[in-house]
Amino acid sequence: MLIGVTAQSRDSEGLFRTRIWGLLEPYLRALGQAGASIVILPPQPTERLPTLLRRLGAVLLPGGVDVDPAEFGEEPLPALGEVDPVRDGLELWVARYAAEHGLPALGICRGVQVMNVALGGNLYQDLPSQGFGTLQHYQKAPPPALGHSLEQVGESPLDRVFPPRFRVNSYHHQGLKRLAPGLRAAAVAPDGLVEAVFLEGHPFYLGVQWHPELLPDHWGLFEVFLRAVEGMRGS
């Protein structure tokens with residue numbers, strides 16, 4: 001099945017300096033092992049996107065730079081990191097389309113933040129300077145080390161993969177603040193930060209704050225994602 005993944009970007013080096021749009025390999029591995037065929041979605045005029053999205057079984061919003069606080073009506077705090085308005089425009093549009101048209105969607109790290117902002121929620125721009133100083137949300141150890149625990153709250157697609165309490169990696173300094181209408185918490189960190197959400201009444205609209213693509217033990221989440229897509233196609 002075709003899974004569209006919004007593109008990540010970086011500046012190229014050398015003589016012809018320009019922007020490269022692509023996808024980090026861990027996402028390719030995690031989706032590939034679950035059986036997905038992958039279409040990378042770079043920025044493009046939004047009027048062209050519906051024709052493309054109607055051909056896809058689902059979309060994935062990957063990790064990346066900070067979401068511009070202008071998108072949720074705030075001025076930037078001093079600790080705000082790099083933002084990318086072009087990528088924000090693409091992903092916010094795709095997240096809204098998926099919510100409104102019942103297109104299955106999975107958001108990872110930045111992706112869950114995009115989902116929340118797209119549907120009317122907002123973010124903590126910088127957790128350490130906004131009252132979250134008791135837990136390390138940006139861990140110093142690289143994968144496969146785990147950072148902190150999460151506790152599931154109620155039924156969600158997560159309970160098909162993880163026990164009620166489980167550990168995740170953690171590489172973020174922004175976080176979900178006010179949840180958008182319709183979004184419900186699925187898992188919470190020990191300091192009370194919501195780190196997974198799903199959209200009520202939607203076939204599959206799930207966002208997680210950690211990076212399961214870096215943890216083969218967490219790749220079952222991608223399998224549940226694709227099984228939900230297959231279930232919709234078969235119904």
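The structure is a predicted model, in which local features need pLDDT of at least 70 and side-chain atom pairs count only at pLDDT 80 or more, while totals for chains, interfaces and linings use all residues. Residues are numbered from 1 along each chain as its sequence is written, and side-chain values use heavy atoms, with hydrogens and water left out.

The protein chain contains five helices and 13 strands; these are DSSP runs, numbered from the N terminus, with helices (H or I) of at least four residues and strands (E) of at least two. Its radius of gyration is 17 Å, close to the 18 Å that the globule rule gives for 235 residues, so the chain is as compact as a globular protein of that length. Here the radius is taken over C-alpha atoms, and the globule rule is 2.2 Å times the number of residues to the power 0.38. Along the principal axes, the C-alpha atoms fill a box of roughly 45 × 45 × 35 Å.

Of the 235 residues, 53% count as buried. Buried means under 20% relative accessible area, exposed means over 50%, and partly exposed lies in between (1.4 Å probe, protein chains only).

The charged side chains come next. There are 19 positive and 25 negative side chains, and the centres of the two sets lie 4 Å apart. Lys and Arg count as positive and Asp and Glu as negative, whereas His and the chain ends are not counted; each charge is placed at NZ of Lys, CZ of Arg, CG of Asp or CD of Glu. A search of the whole structure finds eight salt bridges, each being a side-chain nitrogen of Lys or Arg within 4 Å of a carboxyl oxygen of Asp or Glu.

One of these joins Arg87 and Glu91 at 3.0 Å, N to O. The two residues are four apart in helix α3 (residues 85-101), which means that about one helical turn separates them. Arg87 is buried at a relative accessible area of 3%, and Glu91 is buried at 0%. Both belong to a salt-bridge network that also includes Asp88 and Arg110.

Another salt bridge pairs Arg184 with Glu200 at 3.3 Å, N to O. This pair links distant parts of the chain, 16 residues apart: Arg184 is in strand β11 (residues 183-188), and Glu200 is in the loop between β12 and β13 (205-208). Arg184 is partly exposed at 36% relative accessibility, as is Glu200 at 45%. A further salt bridge connects Arg19 and Asp11 at 3.0 Å, N to O; Arg19 is partly exposed at 35%, and Asp11 is partly exposed at 47%.

Glu195, in strand β12 (residues 194-199), is buried yet has no salt bridge, and the nearest side chain of opposite charge, Arg167, is 11 Å away. Beyond its neighbours within four places in sequence, the contacts of Glu195 include His137, His148, His172 and Trp210.

Gln130 is in the loop between β7 (123-124) and β8 (148-152) and is partly exposed at 23% relative accessible area. Apart from residues up to four places away in sequence, Gln130 touches Leu77, Tyr124 and Gln125. Gln130 and Gln174 are 44 residues apart in sequence and 9.8 Å apart in space, C-alpha to C-alpha.

Notes. Contact = heavy atoms within 4.5 Å.
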